[in-house]
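Subject: Structure for your files

Hello,

Please find the structure below, as promised. My notes on it follow.

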Amino acid sequence: MDIDAGDALVERIKPLAKRTMRPEVIGGIGGFGALFEVSKNYREPVLVSGTDGVGTKLKLAFQLDGHDTVGQDLVAMSVNDILVQGAEPVFFLDYFACGKLDVDTAARVVGGIARGCELAGCALIGGETAEMPGMYPAGEYDLAGFAVGIAEKSLLITGETIAEGDVVLGLASSGAHSNGYSLLRKILERDAPDLNADFHGRTLRETVLEPTRIYVKPLLALMKEAPGLVKGMAHITGGGLLDNVPRVLPAGLSAHIDASAWPLPPLFAWLREAGNVAEQEMYRVFNCGIGMVVIVSAADADRAVQSLTTAGETVYRIGRIQRCAVGEAQTVVR
């Protein structure tokens with residue numbers, strides 16, 4: 001381990017982490033452990049945790065020098081996951097492993113992590129940088145993260161109250177987020193497009209590296225404004241709309257989603273055509289333009305749409321909850 005390089009990275013990270021601090025944080029970066037005081041505003045605080053990586057999107061970051069954006073992807077994957085249970089993300093830790101530490105590259109990655117934490121309102125409270133010679137090819141690294149959030153026990157979102165007739169809202173994604181990149185990379189390799197050519201107003205390179213959208217602040221604001229209004233949420237990650245929405249539905253209910261209710265973004269239209277991907281497979285592999293699903297009663301739909309739109313989200317009414325003949329929850333996209 002190059003101790004001097006590690007120390008240099010810590011010094012580069014400190015001002016980035018400082019921007020993300022919350023009043024509950026005790027101490028700062030550099031200690032053996034991170035300390036966080038649970039707010040006394042909670043009567044029955046429940047800790048909600050999540051961990052994830054960025055998947056093979058990292059391969060594109062290595063190939064295309066996209067080290068500035070994967071850090072936000074890393075944060076988004078965990079904070080969006082714990083958000084769907086009604087938790088406010090309060091702190092985040094990262095793990096960066098490489099064969100030989102390049103301080104500039106690592107600082108770019110952590111800069112993206114700090115930016116993601118700012119968007120989520122959580123503190124970058126610590127992490128681990130591991131230099132392991134021989135473990136990774138030159139110029140490559142691995143990345144993982146861990147988020148902890150807090151929710152009031154009585155306000156946890158479990159999906160239990162979802163009922164027939166409820167409205168399914170879809171919040172627009174920023175792109176492919178961090179899922180489906182094994183297929184996406186194969187399509188890029190086979191089709192060999194010019195990544196620097198114009199692609200609907202930007203380059204294809206920028207489009208495929210666009211970081212995952214973080215939905216935390218607008219949804220927390222809605223949940224605070226109207227406790228109980230949000231009945232269920234699903235972060236649309238691996239498995240797409242078909243496999244993620246049923247995870248929050250009670251048995252005997254299905255989400256019927258109208259694919260014409262939102263415009264298919266150009267990236268997904270191109271992937272479908274260039275990769276000859278079947279329509280239902282698209283909805284299982286990619287988010288197809290919907291990064292978060294929110295389920296509310298029909299009576300609360302207008303209020304939810306207005307709140308989320310005012311907060312900067314693009315919101316579509318994409319479906320309804322219906323009874324299904326089989327016992328297991330399911331999603332139908334037509």
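T237 is buried, at a relative accessible area of 11% (buried means under 20%, exposed over 50%, partly exposed in between, with a 1.4 Å probe and protein chains only). The model is a predicted one, in which local features need pLDDT of at least 70 and side-chain atom pairs count only at pLDDT 80 or more, while totals for chains, interfaces and linings use all residues. Residues are numbered from 1 along each chain as its sequence is written, and side-chain values use heavy atoms, with hydrogens and water left out.

T237 sits in the loop between β10 (232–235) and α8 (240–244). Helices (H or I, at least four residues) and strands (E, at least two) are DSSP runs, numbered from the N terminus. Leaving aside residues up to four places away in sequence, T237 touches M77, D81, N179 and N244; contact here means heavy atoms within 4.5 Å.

T237 also belongs to the lining of the largest cavity, together with A176, H177, N179, I236, V285, F286 and N287. On a 1 Å grid over the protein atoms alone, a cavity is a set of points where a 1.4 Å probe fits but cannot get out; a pocket is an open set with protein on both sides within 12 Å along at least five of seven lines; lining residues have an atom within 4 Å of a point. Grid points are joined across faces, edges and corners, and a volume is the space filled by probe spheres set on the points. The whole structure has one cavity of 30 Å³ or more, and the space in the largest cavity is about 30 Å³. Its lining divides into four nonpolar residues, four polar and no charged. For these classes, Ala, Val, Leu, Ile, Met, Phe, Trp, Tyr, Cys and Pro count as nonpolar, Asp, Glu, Lys and Arg as charged, and the others, Gly among them, as polar.

The contact between them takes 29 residues from domain 1 and 28 residues from domain 2.

Residues 46–151 are 38% helix and 37% strand, with end C-alpha atoms 5 Å apart. For residues 164–322 the figures are 37% helix and 21% strand, and the end C-alpha atoms are again 5 Å apart.

The largest pocket holds about 710 Å³ of space. Among the 30 residues that line this pocket, G86, L155, L220, M223 and K224 are the closest to its centre. The elements giving two or more residues to the lining are β4 (88–98), β6 (141–152) and α7 (216–225). The largest share, five residues, is from α7. By class, the lining has 16 nonpolar, seven polar and seven charged residues. Each of domain 1 and domain 2 supplies at least three lining residues.

**Helix α2**

Helix α2 (residues 57–64) is mostly covered, with six of its eight residues buried. Those residues are K57, L58, L60, A61, F62 and L64, and they pack against α3 (70–83), β6, α5 (181–191) and α6 (204–209). After α2 comes D65, with a positive phi near 55°.

**Loop residues**

Most residues other than glycine have a negative phi. H200 has a positive phi, near 55°, and lies in the loop between β8 (198–199) and β9 (202–203). C288 likewise has a positive phi, about 55°, and its loop runs between α10 (279–285) and β12 (290–296). Which of these is buried and which exposed? H200 counts as exposed because its relative accessibility is 60%, whereas C288 counts as buried because its relative accessibility is 1%.

D194 lies in the loop between α5 and β8. D194 is exposed, at 52% relative accessible area. From D194 to M292 the distance is 30 Å, C-alpha to C-alpha, and the two are 98 residues apart in sequence.

Regards

Note on methods:
Domain bounds come from an automatic or database domain assignment.
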